[in-house]
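Please keep the sequence and the structure in view as you go.

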Amino acid sequence: MPQISLRNLTFTYSSPVLLDGISLSIERGEKIGLVGRNGAGKSTLLKLIAGELRPDDGEIELAADSVLARLTQDVPEGGDRTVFEVAADGFDLPPGCVATWRHLGRRMAAGEQLDAAETAAYENASTTLADAERWLAADELDSLLEEMSLPADAQFATLSAGMKRRVLLAAVMIRRPDVLLLDEPTNHMDIESILWLQDFLKRFEGTLIFITHDRVFLQELAQRIIEVERGRMFDWSCDYSTFLLRRDAMLEAEAAQEAEFDRKLSEEEVWIRKGIKARRTRNEGRVRALKAMREKRQERRQKMGSVRMQLQQAERSGNLVAELEGVSHAFGERTILREFSTLVMRGDRVGIIGPNGVGKSTLLRILLGEIQPDGGRVRLGTNLQVAYFDQLRSQLDETQTARECIADGNDFLLINDVRRHVMGYLQDFLFSPDRAHTRIGFLSGGERNRLLLAKMMSKPSNVLVLDEPTNDLDAETLDLLEDVLPQYQGTVFLVSHDRAFLNNVVTSTIVFEGDGAAAEYDGGYDDWQRVFQQRAKEAMAAKPAAKPQNTTVPSPAATAPVQKKVRLSYRDQRELEELPDRIAALETRQQELQNMMAGSGFYQSGAERITAVTAELTQVSEDLETAFERWEELESLTN
């Protein structure tokens, strides 16, 4: 029996129908990526499955023994609550019950005396836990938070956006869901957090249905793609890259069929309009067929248009944009940059990567001359005209309409020396007249980002600063932005955690590597990873072969690590020496399997083979992770 069944599901907010008679069957353990344009109905579909919305027609059936949980896009402030208290909201228990029992119980265990109110609160919490048979709830949550590398007693409000989303995921996972629904889980996460989430979800054994704009994340996780488009649902039993190829072929075939249909309709319209004699002798069956064709053509829903965008070029800047020599900067005792140097020339497209809060925005402000560093030298180029894309959308006034935001009350804009009406310009960014007159506070996340792009591109510039431009944008708009940016003759600074976007846009990447250290690499994310992994392999290969140097008499402190190394058992020492070869073999097999799955005919080779190869790849990836962890564990004993 399927875990989730949708039968003839229909839902609408207004015309046209958002979901029109869709049906879907989902088996246990599937990992499904939901894709489609902004506003196509993906988030609505998740809400319908979760029971938060009721369909206009049709049925949704969830297997009787299934526990379902949904992680939303929104991240609460958290107030003055701890990580444990926020995560404990996931229990199906009265608010604060588990946290109160844990906190007061720890105080009692430490020998503290509770007052009467605290004693009553502890007894009430104990009774509630006993009635629900959840005595181990606090211990279970502590274990989960430790597994997810979350500080249980830290203040939730002080965490980065990525860590906050991890806490909310913990609140969801403590329910032990059989079905997990995720809506844009990587938004505002740094790459480290995205990789952690990617790995965590790979190990999740339940059914996963998720929406994401991160194409690498989608490719890594989704075993099946469901596309929501024009009220319909298209089911693709393949990974994301294969889906792209199959969808393009389908759209070409659909366009050809519609063109042939329109040709026949045109011929029939000519026939029906012939003279009196022809009308007297016309075939009534043919007339009825023509009426049916007219109705079918009228019901056809056109594919949503694509964003049309062009960047306005200001007067060229000088060849030099910015030069940093030995720049250092700190906030209090926290070092942001340490002896960092770089040279940015006109036309460079520079990516900036690092954990949330590490100092990427500070580096940008130094590069643009907005703040002076504590040390080092900064030299700026001439005639710099900067345009910003701000991930926090602080440039948008939510009380204004989209039209007011773009034109400042004017009816016309000058775009690359061409006079454009503001409404026509907004239509280039998929704003209908109705949406153009909608207040920004009522626009979706994707619409706000498109509006911010429109605002940025309405001003001439020769330097673009893009701070997380990919959040909430659909794949087609991302593809177009990737095409436009390389044609821009100015300089681009791009802060992003979207690995595919970085690969496709930037010419070099500045990476924050911890403790104020930053380094620049040629190419995008994958190029940096190749260099990073190669260095790690070289270091790993060199470790077992290293011979101890005994040229001086070591101090007692220096001899401690050597004594630890001597304590390795023969079996552990042998395992340490063999691990590099084992890791190399696993990596080779992992690449072979990935290449096999990427082959054009793989997903037509039968369900048995697809299942076997997928299972082997999962096992090899888990073995590789275990081998790396074991190698690090043994190496730590020798240091």
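**Exercise 1: a helix and its surroundings**

In this predicted model, determine which residues of helix α17 (residues 475-484) are buried, and how they are arranged about the helix.

Solution. Taking buried to mean under 20% relative accessible area, one finds that T477, L478, L481, E482 and V484 are the buried residues of α17. Viewed down the axis of α17, these buried residues fall within an arc of 165°, and therefore they line one face of the helix. The next step is to look for what covers them, and the cover includes α8 (215-221), α16 (445-457) and α18 (499-505).

**Exercise 2: a strand with two partners**

Explain why strand β10 (residues 320-331) can be described as largely enclosed, and identify how it pairs with β11 and with β13.

Solution. Of the 12 residues of β10, 9 are buried, so the strand is largely enclosed by the rest of the structure. With β11 (residues 334-345), β10 pairs in the antiparallel sense over 8 bridges, and F331 has R334 as its bridge partner in β11. The two strands form a hairpin with 2 residues between them, and G332 in the turn has a positive phi of about 65°. With β13 (residues 375-380), β10 again pairs in the antiparallel sense, over 5 bridges, where A322 stands opposite L380.

**Exercise 3: nonpolar cores**

Describe the largest nonpolar core and the contacts of F84.

Solution. The largest nonpolar core has 58 residues, and those with the most contacts inside it are F84, V98, L141, L145, L169, L180 and L201. Helix α6 (residues 161-173) supplies the largest share of this core, with 7 residues. Once neighbours within four places in sequence are set aside, F84 is in contact with V98, A99, R102, A138, L141, D142, L145 and A152. Apart from this core lies another, of 45 residues, including F431, M456, L464 and L466.

Definitions and conventions
Residues are numbered from 1 along each chain as its sequence is written. This is a predicted model: local features need pLDDT of at least 70, side-chain atom pairs count only at pLDDT 80 or more; totals for chains, interfaces and linings use all residues. Side-chain values use heavy atoms; hydrogens and water are left out. Buried means under 20% relative accessible area, exposed over 50%, partly exposed in between (1.4 Å probe, protein chains only). Helices (H or I, at least four residues) and strands (E, at least two) are DSSP runs, numbered from the N terminus. The arc is that of the directions from the helix axis to the C-beta atoms. Contact means heavy atoms within 4.5 Å. A nonpolar core is a set of buried Ala, Val, Leu, Ile, Met, Phe, Trp, Tyr and Cys residues joined through side-chain atoms within 4.5 Å. Two strands pair if DSSP finds at least two bridges between them.
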